Amino acid sequence: MTWFLDEKVQKQIPDFNINHLKQINEFHYFKEYNEHYDLINCIHLHIPYESATHKADIHLKFTNVSSVQIKDLELTNDSSLFLNIQLLDRGWEYLNYFIEDYEEQYFSFYCETIQVIQVVSNESG
């Protein structure tokens, strides 16, 4: 999925480049009820974005999360995040996407949906 083509991202960062994502500032794992009143697992990621022309905070929400694996989240602030989101064509139990940090493999999980919650510009002026 090319989540970065979302209108919220494009409005704040028109020249978005995935190579400018920095390491995760926040990783929230929580439960909430879906529209069918089923209790589902969710993850909310807060990822800083820094390029020569833009600084922003990107908030992503992943719903109906499963098979979460976390190897390490004690990362340095200056390192980049290589976020890989693969669209799956398996038809299993709402597992539509596989998400991982494909460079370091610090975390990985499956999910049903991905949503850009907000993109907050950190530009001064």
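**Exercise 1. Find which side chain makes a polar contact with the side chain of His-44, and describe where His-44 sits.**

Step 1. Start with the pair itself: the side chains of His-44 and His-59 make a polar contact at 3.3 Å. A polar contact here is a pair of N or O atoms within 3.5 Å; within protein, one must be able to donate a hydrogen and the other to accept it, and residues adjacent in sequence count only if both atoms are side-chain atoms.

Step 2. A quick word on what you're looking at: this is a predicted model, where local features need pLDDT of at least 70 and side-chain atom pairs count only at pLDDT 80 or more, while totals for chains, interfaces and linings use all residues. Residues are numbered from 1 along each chain as its sequence is written, and side-chain values use heavy atoms, with hydrogens and water left out.

Step 3. Now place His-44: you'll find it in strand E2, residues 39-50. Helices (H or I, at least four residues) and strands (E, at least two) are DSSP runs, numbered from the N terminus.

Step 4. Is His-44 buried or exposed? His-44 has 19% relative accessibility, so it counts as buried. The cut-offs are under 20% relative accessible area for buried, over 50% for exposed, and partly exposed in between (1.4 Å probe, protein chains only).

Step 5. Look at who else is around. Setting aside neighbours within four places in sequence, His-44 is in contact with residues including Glu-26, Phe-27, His-28 and Lys-61. Contact means heavy atoms within 4.5 Å.

**Exercise 2. Work out what His-28 touches, and where His-28 lies.**

Step 1. His-28 lies in strand E1, and its 37% relative accessibility makes it partly exposed.

Step 2. Not counting residues up to four places away in sequence, His-28 touches Cys-42, Ile-43 and His-44.

Step 3. Take Ile-43 from that list: His-28 and Ile-43 are 15 residues apart in sequence, yet their C-alpha atoms are 5.4 Å apart in space.

Step 4. Finish with the side chain: that of His-28 makes a polar contact with the side chain of Glu-26, at 2.8 Å.

**Exercise 3. Find the salt bridge and say which strands it joins.**

Step 1. A search of the whole structure turns up 1 salt bridge. The term means a side-chain nitrogen of Lys or Arg within 4 Å of a carboxyl oxygen of Asp or Glu.

Step 2. The partners are Glu-32 and Lys-61, with their closest N and O atoms 2.7 Å apart.

Step 3. Glu-32 belongs to strand E1 (residues 26-33) and Lys-61 to strand E3 (residues 55-63), so the pair ties together parts that are 29 residues apart in sequence.

Step 4. Check the cover: Glu-32 is partly exposed at 24% relative accessibility, whereas Lys-61 is buried, at 16%.

**Exercise 4. Look at the phi angles of Tyr-37 and Ser-67.**

Step 1. Here's the background: most residues other than glycine have a negative phi.

Step 2. Tyr-37 has a positive phi, near 65°. Tyr-37 is in the loop between E1 and E2 and is exposed, with a relative accessible area of 68%.

Step 3. Ser-67 isn't a glycine, but it has a positive phi of about 50°. Ser-67 sits in strand E4 and is partly exposed, at 48% relative accessible area.

**Exercise 5. Step back and describe the whole protein: how many helices and strands does it have?**

Step 1. The protein has 1 helix and 8 strands. From the N terminus on, the order is α-β-β-β-β-β-β-β-β.

Step 2. The C-alpha atoms fill a box of roughly 45 × 30 × 25 Å, taken along the principal axes.

Step 3. Of the 125 residues in the protein, 40% are buried.
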